[in-house]
Structures are given as C-alpha cells and as structure tokens.
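Subject: Structure for your review

Dear colleague,

Please find below the structure I am handing over to you. My findings follow it.

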Amino acid sequence: LSAIQVTPTNPSIALATSNQFTATGTYSDGSSQDLTESVTWSSSNASVATISNLAGAKGLASSVAAGTTTITATSGSVSGSTTLTVSSATLASIQVAPTNPSTAIGANKQFTATGVYSDGSSQDLTASVTWSSSASAVATISNAAGSNGLASPVAAGSAVITATKGSVSGNTTLTVSSAALISIQV
C-alpha cells in the first residue's frame with residue numbers, strides 16, 4: 001500500500017447532517033482497492049464532527065458544530081486525509097423527487113429528498129429524513145437502511161409521499177395505476 005485517497009475531497013455540510021467518506025488504497029503495482037471498511041477513521045476536531053469506526057457505518061461523519069476538521073483514514077503506516085467544513089446553515093426546505101410520478105402495482109418507485117439550506121447549498125437527505133405515505137393502502141414507503149425512500153405500490157389510487165427532517169418537510173404525489181405487466185422483452 002503506497003497511498004490512501006479520501007473522498008469526497010474537502011466537502012462542506014450543514015449542521016445536523018452527516019457525510020459518508022470513502023478510502024481508496026493505491027498499491028505499488030498501480031492497482032487500487034476500496035479500503036473504507038478496513039481503515040481506521042479519525043477526526044482532528046471531534047467538537048466539529050465525529051466519524052464512525054463501527055462496522056456498517058465506517059467513514060460516516062456526523063456534524064456537531066460549525067467549523068473545520070481533518071478527516072483521516074489510516075492503514076498501518078499509510079494515511080490519507082481531507083478537510084470537512086461544517087457550516088451553520090439551517091435547513092430551509094426539502095425537495096422530493098421525482099415530482100408527481102405514476103407507477104403500476106408491483107413496480108416500486110425510488111424517491112429522493114434534497115435539502116436546501118439557508119446559505120443556498122443543497123444536500124442529499126434521502127437516507128436521513130423520515131419518509132411517510134398518506135395512504136398506506138395505496139403505497140408504503142421504506143425507512144429501512146439501504147432502502148430509504150423506496151415506495152411499494154399496493155393498490156390503485158394516489159398517496160402523498162412526504163419527507164420530514166425536524167420541522168421541515170417536502171412532499172409529492174404518487175399515483176398508482178391498475179396497469180398489469182403483460183410481457184417482458186429481453
């Protein structure tokens with residue numbers, strides 16, 4: 001192992017949000033490998049952001065206060081780092097996409113939530129918002145890790161899909177049709 005690259009490079013996030021870092025190892029033969037789960041992660045200023053070394057959440061930084069901190073990934077004697085900036089911006093709105101989509105029974109639909117902050121920046125909040133459906137008899141929506149925002153149509157009709165974080169929320173309407181799959185072309 002000759003070098004470790006930490007990405008994203010010098011990101012900025014808002015308070016009360018998190019950021020997933022990855023570590024890529026470069027070897028003496030020019031090959032590379034994802035080392036996110038095997039390196040040891042550290043934050044130079046835990047009062048600004050902490051970073052997880054727990055299995056399944058390695059490299060996940062959580063903001064604590066506005067400021068900057070150096071995020072470092074270490075394996076043996078080799079390390080790589082980047083700077084994380086935490087801004088004091090507050091969440092102003094949440095945009096849910098796609099806007100007013102339609103789907104058929106049995107055809108799941110993935111929604112995403114984008115937070116827009118008071119400083120004009122934006123961040124993907126799909127995995128950190130709380131998802132809800134106004135009509136679970138029409139469609140349910142997942143809050144489970146790895147499938148956040150995945151709607152499962154149950155019956156024909158419409159349901160308002162809402163993403164909420166704290167006191168801020170955004171929504172869109174999902175229409176489920178009774179169309180049935182009649183063929184598959186390969």
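Of the 186 residues of the chain, 36% count as buried. Please bear in mind throughout that this is a predicted model.

Overall form

The chain contains 20 strands and zero helices. Its radius of gyration is 20 Å, whereas a compact globule of 186 residues would have a value near 16 Å. The C-alpha trace spans about 60 × 45 × 25 Å along its principal axes. The accessible surface amounts to about 9,400 Å², and carbon and sulfur atoms account for 51% of that area. Of the contacts between residues at least 6 apart in sequence, 48% join residues that are at least 24 apart.

Nonpolar cores

The largest nonpolar core has 22 residues, and those touching the most other members are I94, F111, V129, W131, A163 and L174. Two or more residues of this core come from each of the strands β11 (91-97), β14 (112-117), β17 (139-141), β19 and β20 (168-177). Another core, of 17 residues, lies apart from it and includes I13, F21, A23 and L84.

The surroundings of L174 may be of use when you inspect the model. Not counting residues up to four places away in sequence, L174 touches P101, T103, K109, F111, A139, A151, G157, S158, A159 and I161. One of these, F111, is also among the core residues with the most contacts to other members.

A buried lysine

I would draw your attention to K165, which is located in strand β19 (residues 157-165). Which side chain of opposite charge is nearest to K165, and how far away is it? It is that of D124, at 11 Å. K165 is buried and has no salt bridge; the cut-off for such a bridge is 4 Å between a side-chain nitrogen of Lys or Arg and a carboxyl oxygen of Asp or Glu. Leaving aside neighbours within four places in sequence, K165 is in contact with A16, L91, I94, L125, S128 and V129. Of these, I94 and V129 are also listed among the core residues that touch the most other members.

The segment after β20

I184 is found in the segment after β20. Is I184 buried or exposed? With a relative accessible area of 67%, I184 is exposed, because that value lies over the 50% cut-off. From C-alpha to C-alpha, I184 and A92 are 43 Å apart in space, and they are separated by 92 residues in sequence.

With kind regards

Note on methods:
Residues numbered from 1 in each chain as written. Predicted model: local features only at pLDDT ≥ 70, side-chain atom pairs only at ≥ 80, totals over all residues. Heavy atoms only, no water. Helix = DSSP H or I, 4+ residues; strand = E, 2+ residues; numbered from the N terminus. Buried < 20%, exposed > 50% of the residue type's maximum accessible area, 1.4 Å probe, protein only. Lys, Arg positive; Asp, Glu negative; His and termini not counted. Contact = heavy atoms within 4.5 Å. Rg over C-alpha atoms; globule rule 2.2 N^0.38 Å. Areas by Shrake-Rupley, 256 points an atom, 1.4 Å probe, with all protein chains shown as cover. Core = buried A, V, L, I, M, F, W, Y, C linked by side-chain atoms within 4.5 Å.
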